[in-house]
Every structure is written in C-alpha cells, then in structure tokens.
Amino acid sequence: MVDMAKNPENFNNISEKFQNRIKQIIDEQDCEKKDFHKFVGVSKEVIIRATKYGIIPSLKILIKIANKVNISITYLLGETDNTEFYMSENPTTFHIRLEQLANERGEKYSSISNKMPFAYNSIYEWIRTGSLPSLEYIKPLAKYFKVSIDYLLGRTDDRTPYN
C-alpha cells in the first residue's frame with residue numbers, strides 16, 4: 001500500500017521531451033515506426049502512446065528500450081543530450097546495487113526510506129517481490145546516492161549522474 005501523503009505531487013507520466021526523444025530514436029534506428037515495437041520487444045500500444053502522447057511507460061519497459069538501443073535511461077527520457085553510455089560487461093540487478101550502495105553508506109533500508117518520497121516499507125517490498133520501483137521513486141534514490149539511474153539499475157558501472 002502506497003502512502004499517498006509521501007507521493008511526489010509534481011510527477012507526471014507524460015513528457016514532451018520523452019515523446020520527442022522516442023521519435024528521434026525511432027528515426028535513427030532505420031526501421032519504420034510501426035515496426036519499432038518489434039525491434040525493442042515491447043507492445044505496439046506502448047510505442048503508440050509514447051509517440052502520440054508522450055506517455056512514459058514503466059521502468060521495466062524503459063530498460064528494455066534503452067538496452068536494445070544502448071542508451072541511458074536519462075537520454076531516453078530526453079533529460080540529457082549526452083549520448084555516451086557504457087553498458088556494464090557484468091550487469092547486475094537493482095536489488096544488488098541498492099544493497100551495495102546502502103552498505104557503502106552504512107545505512108539500513110529503513111533509514112533510507114525515511115528520506116524518500118515513498119512508503120517506509122517500499123524497499124523491503126521491492127526486494128521481497130523482485131520488482132522495480134517506479135520512475136518517480138528511482139530518481140530520488142539515484143539522487144540520494146549521487147549515482148545515475150542506470151548505475152542504480154545495474155545497467156552500467158559508471159556512477160556519474162547524467163546532466
């Protein structure tokens with residue numbers, strides 16, 4: 001159960017920057033817009049909603065798209081124009097990376113959760129179920145640890161946040 005009082009009020013899952021970036025990526029891939037969903041392995045509806053309305057899909061789908069075209073999540077979202085991205089030769093999971101970062105700081109998940117815009121038990125729930133947080137929650141976690149979203153997700157070994 002999500003604590004509604006801790007939900008960020010400014011999160012919006014529609015982004016013109018994302019819409020423009022996904023269109024640009026499709027153009028660069030040498031495939032038709034109608035075939036892009038097959039290329040990246042997501043449903044046709046996801047790509048239609050992204051290109052037509054700028055609706056940002058789930059983090060899991062963003063990862064799938066970013067992995068296929070070898071770009072950062074931040075670039076995919078249109079939040080940076082930095083195209084440099086180095087996929088980890090030994091990718092890991094969000095859950096392992098989160099544990100490593102918490103251990104580096106000597107912090108418990110409960111302490112971290114108290115400083116975040118999500119419910120106190122969210123981290124435990126993500127670990128227990130093997131699920132990923134939403135984009136609105138991965139961003140403050142990455143900012144808190146001063147790492148990129150992609151590092152936190154285990155996609156890259158470069159900790160540097162993208163600007």
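**Close view: helix packing and selected residues**

Guide: Ile 127 is partly exposed, at a relative accessible area of 34%. Here buried means under 20% relative accessible area, exposed means over 50%, and partly exposed lies in between (1.4 Å probe, protein chains only). This is a predicted model: local features need pLDDT of at least 70, side-chain atom pairs count only at pLDDT 80 or more, and totals for chains, interfaces and linings use all residues. Residues are numbered from 1 along each chain as its sequence is written, and side-chain values use heavy atoms, with hydrogens and water left out.

Ile 127 sits in helix α8 (residues 122-129). Helices (H or I, at least four residues) and strands (E, at least two) are DSSP runs, numbered from the N terminus. Set aside the neighbours within four places in sequence, and Ile 127 is in contact with His 95 and Tyr 109. Contact means heavy atoms within 4.5 Å. Tyr 109 is 18 residues from Ile 127 along the chain, and their C-alpha atoms are 11 Å apart.

The arc is that of the directions from the helix axis to the C-beta atoms. An α-helix has 3.6 residues a turn, so residues three or four places apart point the same way. After α2 comes Gly 41, with a positive phi near 80°.

Take the packing against α3 next. Two packed helices are described by the angle between their axes and the distance between the axes. The axes of α2 (residues 33-40) and α3 (residues 44-53) come within 8 Å and cross at roughly 125°. That makes α2 oblique to α3. Axes are lines fitted to C-alpha atoms, for helices over the stretch in contact, and angles run from 0 to 180 degrees between N-to-C directions. Under 35 degrees counts as roughly parallel, over 145 as roughly antiparallel, 65 to 115 as roughly perpendicular and the rest as oblique. The crossing of α2 past α3 is right-handed. A crossing is right-handed if the near helix is turned clockwise from the far one by less than a right angle, and left-handed if anticlockwise.

From α2, Lys 33, Phe 36, His 37 and Val 40 make this contact; from α3, Lys 44, Ile 47 and Thr 51 do. The residues of the α2–α3 contact divide into three nonpolar, two polar and two charged. Ala, Val, Leu, Ile, Met, Phe, Trp, Tyr, Cys and Pro count as nonpolar, Asp, Glu, Lys and Arg as charged, and the others, Gly among them, as polar.

Turn to α4. Here α2 packs at about 95°, with the axes 9 Å apart. That makes α2 roughly perpendicular to α4. Phe 36, Phe 39 and Val 40 of α2 meet Lys 64, Ile 65, Lys 68 and Val 69 of α4. The residues of this contact divide into five nonpolar, no polar and two charged.

Now α3 itself. Val 46, Ile 47, Ala 50 and Thr 51 are buried there. They cover an arc of only 115° around the axis, which puts them on the same side of α3. What covers them includes α1, α2 and α4. Gly 54 follows α3, and its phi is positive, near 80°.

Two residues other than glycine also have positive phi. Asn 70 has a phi of about 55°. Its place is the loop between α4 and α5 (73-76), and at 38% relative accessibility Asn 70 counts as partly exposed. Lys 146 has a phi near 60°. Lys 146 lies in the loop between α9 (135-145) and α10, and it counts as exposed at 62% relative accessibility.

At 6% relative accessibility, Leu 153 counts as buried. Beyond its neighbours within four places in sequence, Leu 153 is in contact with Leu 59, Ile 63, Ile 73, Thr 92, Thr 93, Phe 94, Leu 132 and Ile 138. Between Leu 153 and Ile 56, 97 residues apart along the chain, the C-alpha separation is 17 Å.
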